[in-house]
Amino acid sequence: MTTDTSPAPATGAPSGTAQRVLRVGPVNPTVAAALDAEFGALVLPEDPGERETFLEDHGEEIRVAVCSGRIGVDTELMRRLPALEGIVSFGVGYDSTDVGQAAERGIPVSNTPEVLNDCVADTAVALYLDTLRRVSASDRFVRSGRWAAGEGFPLTTRATGRTVGILGLGRIGAAIAHRLEAFGCAIHYHNRRERPGSGYTYQPSVRELAEAVDVLIVAASGGPESAGLVGAAELRALGPQGHLVNIARGTVVDESALVAALADGTIAGAGLDVYADEPHVPEALLEMDQVVVLPHVGSGTHETRADMARLALANLRQFLTDGTLVTPIS
């Protein structure tokens with residue numbers, strides 16, 4: 001994606017714009033610095049009492065809210081911002097923002113798509129390899145001195161030539177599938193709609209997808225529509241030799257069902273970058289050697305975060321100039 005993100009004054013913005021931009025929660029440091037220096041943005045307090053006072057004093061002034069994909073502008077906050085005209089989100093996910101209310105009120109929402117596809121797909125493949133070949137577990141094995149003491153590490157699972165299911169063959173899902181083709185993997189997928197010409201095998205349901213594959217990779221968008229798409233039935237269909245990788249949202253997988261399936265051997269292992277209640281990870285998962293846990297770092301590279309910051313700021317500058325967004329969500 002080529003986007004002109006050079007700093008430019010928002011010449012079309014109304015007077016008083018500096019008082020009309022609100023930062024909601026922590027955001028990328030580059031974005032935070034620009035919000036302060038270029039836009040004089042207000043910052044929503046974290047303390048509930050201070051937040052209430054702030055909203056009473058400034059809620060009616062806010063024209064644009066800037067947030068991260070994790071924090072978002074939730075239902076109650078949006079109601080407290082009656083003059084809100086636009087939401088700029090740093091991240092590809094926007095399930096933490098009440099997009100239904102935004103649509104009803106005609107408030108456009110932007111995210112930062114495309115620029116993080118490659119790094120998230122790379123993370124998915126890293127989890128795929130680590131989960132099947134148990135790279136992290138074998139590292140712990142060596143560090144603990146068990147190898148030096150003469151113990152042998154258990155055999156792992158071949159990563160080449162597997163049948164892999166992609167739940168959500170969007171931009172990121174397609175990038176994951178493309179990478180796994182190099183491993184000689186057969187790709188199956190499930191979407192809300194079939195993608196003719198993809199070259200991959202479409203499965204009409206999540207359960208049928210899980211039943212057909214060795215590894216299920218979750219790349220579906222978050223939000224109410226996808227909550228619990230992978231539950232106990234789907235995990236049983238994946239089976240005792242199957243593995244799950246989730247780089248989407250923790251809510252897409254029923255976390256309690258996943259913990260149970262891993263504990264009783266319903267599935268063989270899992271590689272996780274996301275969780276239902278981040279940053280809290282169920283203690284049971286931390287104790288399982290067949291599980292790889294990452295701290296939601298799918299897009300966490302210097303290069304991608306810089307690209308995301310440029311795109312988020314480009315959305316804000318353009319909105320304040322002409323009322324449009326570079327990358328609206330719809």
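Me: Which residue of strand 5 stands opposite Ile87?

Reply: Ile87 stands opposite Val109 in strand 5, where strands are DSSP runs of E with at least two residues, helices are runs of H or I with at least four, and both are numbered from the N terminus. The model is a predicted one, in which local features need pLDDT of at least 70 and side-chain atom pairs count only at pLDDT 80 or more, while totals for chains, interfaces and linings use all residues. Residues are numbered from 1 along each chain as its sequence is written, and side-chain values use heavy atoms, with hydrogens and water left out.

Me: Why is strand 4 described as largely enclosed by the rest of the structure?

Reply: Buried means under 20% relative accessible area, exposed means over 50%, and partly exposed lies in between (1.4 Å probe, protein chains only). Five of the five residues of strand 4 (residues 86-90) are buried, so the strand is largely enclosed. Both of its faces are covered, with Gly86, Val88 and Phe90 buried on one side and Ile87 and Ser89 buried on the other.

Me: How do you know that Glu114 and Arg134 are partly exposed?

Reply: Glu114 has a relative accessible area of 34% and is therefore partly exposed, and Arg134, with 22%, is partly exposed as well. Glu114 lies in the loop between strand 5 (109-110) and helix 5 and has a positive phi of about 70 degrees although it is not a glycine. Arg134 is in the loop between helix 5 and helix 6 (135-143), and its phi, near 55 degrees, is likewise positive in a residue other than glycine.

Me: Why is helix 5 called oblique to helix 7?

Reply: The axes of helix 5 (residues 117-133) and helix 7 come within 9 Å and cross at roughly 50 degrees. That makes helix 5 oblique to helix 7, because angles under 35 degrees count as roughly parallel, over 145 as roughly antiparallel, 65 to 115 as roughly perpendicular and the rest as oblique. Axes here are lines fitted to C-alpha atoms, for helices over the stretch in contact, and angles run from 0 to 180 degrees between N-to-C directions. The residues in this contact (heavy atoms within 4.5 Å) include Val120, Ala124 and Tyr128 of helix 5 and Ile172, Ala175 and Leu180 of helix 7.

Me: Which strands does helix 7 touch, and what is its direction relative to strand 6?

Reply: Helix 7 (residues 171-181) packs on the sheet and touches strand 6, strand 7 and strand 9 (215-218), its direction making about 170 degrees with that of strand 6. The open sheet has seven strands in the order 8-7-6-9-10-11-12, with parallel pairing. What makes strand 8 (201-202) and strand 12 (291-293) the edge strands is that each pairs on one side only. Strand 6 (residues 163-167) and strand 7 (residues 186-190) run parallel and are joined by five bridges, and Ile166 has Tyr189 as its bridge partner in strand 7.

Definitions and conventions. Two strands pair if DSSP finds at least two bridges between them.
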